[in-house]
Amino acid sequence: MAIKKKKSTKALLKTPVLATKQTRKRAQKSEAPQPPAEKAAAGFPIIGIGASAGGLVAFEAFFSAIPEDTEPGMAYVLVQHLAPDHKSILADLIQSYTHMQVFEVVDGMTVQVNCVYIIPPGRDMAFLGGRLQLLEPVSPRGHRQSIDFFFRSLAQDQHARAICIVLSGTGSDGTEGLRAVKGAGGMIMVQRPDSAEFNGMPLSAIGTGLADYQLLPAEMPAQILAYTASAFNPTLAASGRGTQDEKALQQIFILLRDQTGHDFSKYKPGTIHRRIERRLAAHHLQTLDKYLKHLQKNPAETEALFRDLLIGVTSFFRDPLAFKALEERVIPGLFAGKPADGVIRVWTPGCSTGEEAYSLAILLHEGLERFKTNLKVLIFATDIDSQAIATARIGTYPAKIADNITPERLARFFTLEPDGNTYRIHKNIRELLIFSEQNVIKDPPFSKLDLISCRNLLIYMSGNLQKKLIPIFHYALNPGGFLFLGSSETVSDLSHIFITLDGKLKLYSRAADVHGAQHTSFGRYISPLAPRHKGLPLGAGRSINTGKLSLRELTEQALLRQVAPTGALVKSNGDILYLHGRTGMYLEPAQGEIGVNNILGMAREGLRRELTAALNKAVTGRKTVSHSGLLVKTNGNFTPVNLTICPLTSRPVSVCDPQDRNAESGDSAASMLFLVILEEALSFNVNNGQHAVPVDGDEEAPGAGNSEGPRENARIATLRQELWAQEQYLQTANEEFKSTNEEMQSVNEELQSTNEELVTSREEMQSINEELATVNSELQSKVADLSRANNDMNNLLSGTGIATIFLDNDLHILRFTPNATGIINLILTDLGRPLSHIVSNLVGYERLAADTRAVLNTLVPKEIEVQANEGSWYILRIRPYRTVDNVIEGVVLTFVDITATKRAQEVLLKANDLLRLAVAKRDTDDVRTLHNLDPNLEPSDN
């Protein structure tokens, strides 16, 4: 065996005599064979555990709670923020808490049941095909989200068998990953924040509302075993769903609809069954009947099931290729042909927490800059999930979004919050969107839209429901408008109303109207929502026959398309039921949440007051009311408009007939409908202000037709001159304010840039701090182990009574046992002093230092008997100090007390001497006796 000799060291004592629990476990671990690939990750759950600072304590509590007498039947994968430049001892530490085999992952390692796998430092890890793959991190240090990365890969590979746990740590790593696990049908477990050393990660995970359990780490293993026993019970899965279960399922739908107002019976059965089965497993229930009773007793569980059914997995610019095609092929088409005062209207149903809606807003804002236009952009983002809408309205997202957004867009359209963990969308983007709750199945759609982005919503709905929604989208779009669907969605067999622009990326364009198609789809849509009104004019609210038209109908429709004015069918309170023609010149959406559109709230400046008065007069008098020459402000200019409001009675009447003054009294005013007609006047002089027009039969004021006198004309000219001067002054002041604003904006950008640099540095320091906290926890655990080993060794040496002195390679004293002080004059302050400087109590032995040096040079042990001043005898053994790696790091002197042996030897020697004397005396006596018996013998001279 080769001997490695180390020149000098002053380290903690490492003894090869004692074997700790970690050493034995590590030896077992290294000898354990790797499982065969074909048996890996087959049919057992994978538990992904994410932690950061403070995670070691949680790991200990978690694994210590797993019963040692049972096999859990699953694999555990630990992802912790580790310092990339420090060798981790986490595997050794975890091995001391569990009877399962623990491995630090190497690239391509196969996952086997009842084993624990730990991410190595400085790597990202993914789960693919039953193996753990290691990758070089792409994000810089401080921005890495290794837990999110692993959770997402686990969800994509294992689906419902993925279980993720978020333990102690700072920041929000793991939050986005658990959304993916939940969306794939997996289970979420989070450490209770009050039990975590650092509660940032648990609080962020709980804030999503997706956590199935919030537990102490020691409570988690039992809950996981109970969950997996229910969720992955092969007997229960093989039994299927019978008629009784289908009946219970329908009753569950009724409970959901009663409490939430939403009907899920038209959703795909597979999706519904998976979500409900997850809830059964979470409560350890075996049948739908038992779960139905649980729902009836616990309204909170109904809300939890509703949240489970609404899981939305979304992100900024999800599916980058599709958004790239949208940017290059659709966005330019939205701006083409729009008048200078036009509005681009977009609708994103099922917007979830708003990421894709904001992505569209960013693309449209870039389009405004690219095409140098001042068009107004209005994006309606809707969803049935009130919590998701609330999140979208706030417009703050975790720092993880930086992975999906280019650095340029991130800098332009987002602001990093002071906490360094979230980004906030800029105000100029937020102002383009209106978020509101809406059920796309039953609530009225938006209209006159240029783009509908409905991605990954239809995939959860049945085929029949999809066939009802696609025509609604056709109705809501302007001619040539665009439809943007998810990668797994299509217009199916309704391709005759949409032109496919890109079948792979799901981009469609609204086809030219097929006769009656638009009216048919809308009539089919509103039929279950509102009763038929007898007062509707011919063709309103019902389908038009799509068969062959008569010459009369063909002529009437052609005339309507050419000469019909803009109109709106409203209730007596102004709620809009139907719009006809281009109403944008007269009506605009009111600011705030979008509910029922009311024409009084949407009327533009110059129209609202007269429209309100005229509608009240038409309701109370049940007669046609007209106003002429109203000046309506549109895009900074005033347009002359004629207003007419006609009541629609219970029997067909001549609509818009000003001479019809009498309405039938059989219908109440509240149940009547009114047709509001807005028509641009052919010519009107607007120089002298708004013209006062008499209202339907009122007499004209006396003198209204007389010309203005010279005094009035002079007064008007003076006022116009003052107005012009004020406008010039305001324009100058405005330019100065703009200049000042630009300077302040420049300063603000510099400060923002500095702030971003500081925040980046703060994030890096925070990441390093987390890694150091992890290293510190590992080292603290290691120090505790070493302290225990040191105590064991001290007690061992003290118990044996053997005097021991440890020397380094320079023969300096490292440590000694108390018994050594009686042989060598040692005190605590002698640590580090050369052995030759210390006076010994040995009698006649002056070669202690020389013999020790000889042993260190030759590595041949030496054994000598020495005597102390007080008379005690010892066997001095001088041996080299060897580490477990066979490195010589000094010398060990041991003094074994042999005083008793020496004394016994002395006694034995004396006894031997006496025995010899006795033998000699006996021999002498024998000679004398023989002499006395033989008289012939002469006495000897001797």
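Select strand 2 (residues 46-51) and strand 9 first: five bridges join them, and the two run parallel. Strands here are DSSP runs of E of at least two residues, helices are runs of H or I of at least four, and both are numbered from the N terminus; two strands pair if DSSP finds at least two bridges between them. This is a predicted model, in which local features need pLDDT of at least 70 and side-chain atom pairs count only at pLDDT 80 or more, while totals for chains, interfaces and linings use all residues. Residues are numbered from 1 along each chain as its sequence is written, and side-chain values use heavy atoms, with hydrogens and water left out.

**Strand 9 and its partners**

I165 stands opposite M189 of strand 10. Between these two strands the chain passes through helix 5 (residues 175-183), and this β-α-β crossover is right-handed, that is, clockwise from the first strand over the helix to the second when the strands point away from the viewer.

Now colour strand 9 (residues 162-166) by accessibility: five of its five residues are buried (under 20% relative accessible area with a 1.4 Å probe, protein chains only). In a regular strand the side chains alternate between the two faces of the sheet. Here A162, C164 and V166 are buried on one side, and I163 and I165 are buried on the other.

**E301**

Move to helix 12 (residues 299-309) and select E301. Is E301 buried or exposed? E301 counts as buried because its relative accessibility is 5%. Its side chain makes a polar contact of 2.7 Å with that of Y291 (a pair of N or O atoms within 3.5 Å, one able to donate a hydrogen and the other to accept it; residues adjacent in sequence count only if both atoms are side-chain atoms). Setting aside residues up to four places away in sequence, E301 touches R279, H283, Y291, H294 and L295, where contact means heavy atoms within 4.5 Å.

**D124**

Strand 7 (residues 124-128) contains D124. This residue is counted as buried because its relative accessibility is 13%. Beyond neighbours within four places in sequence, its contacts include I119, Q133, L134 and F149.

**Cysteines and the whole chain**

Select C351 and C454: C351 is buried at 7% relative accessible area, and C454 is buried at 0%. The structure holds zero disulfides (pairs of cysteine sulfur atoms within 2.5 Å).

Finally, zoom out to the chain, with its 25 helices and 31 strands. Of its 942 residues, 43% count as buried.

Terms used: Buried means under 20% relative accessible area, exposed over 50%, partly exposed in between (1.4 Å probe, protein chains only).
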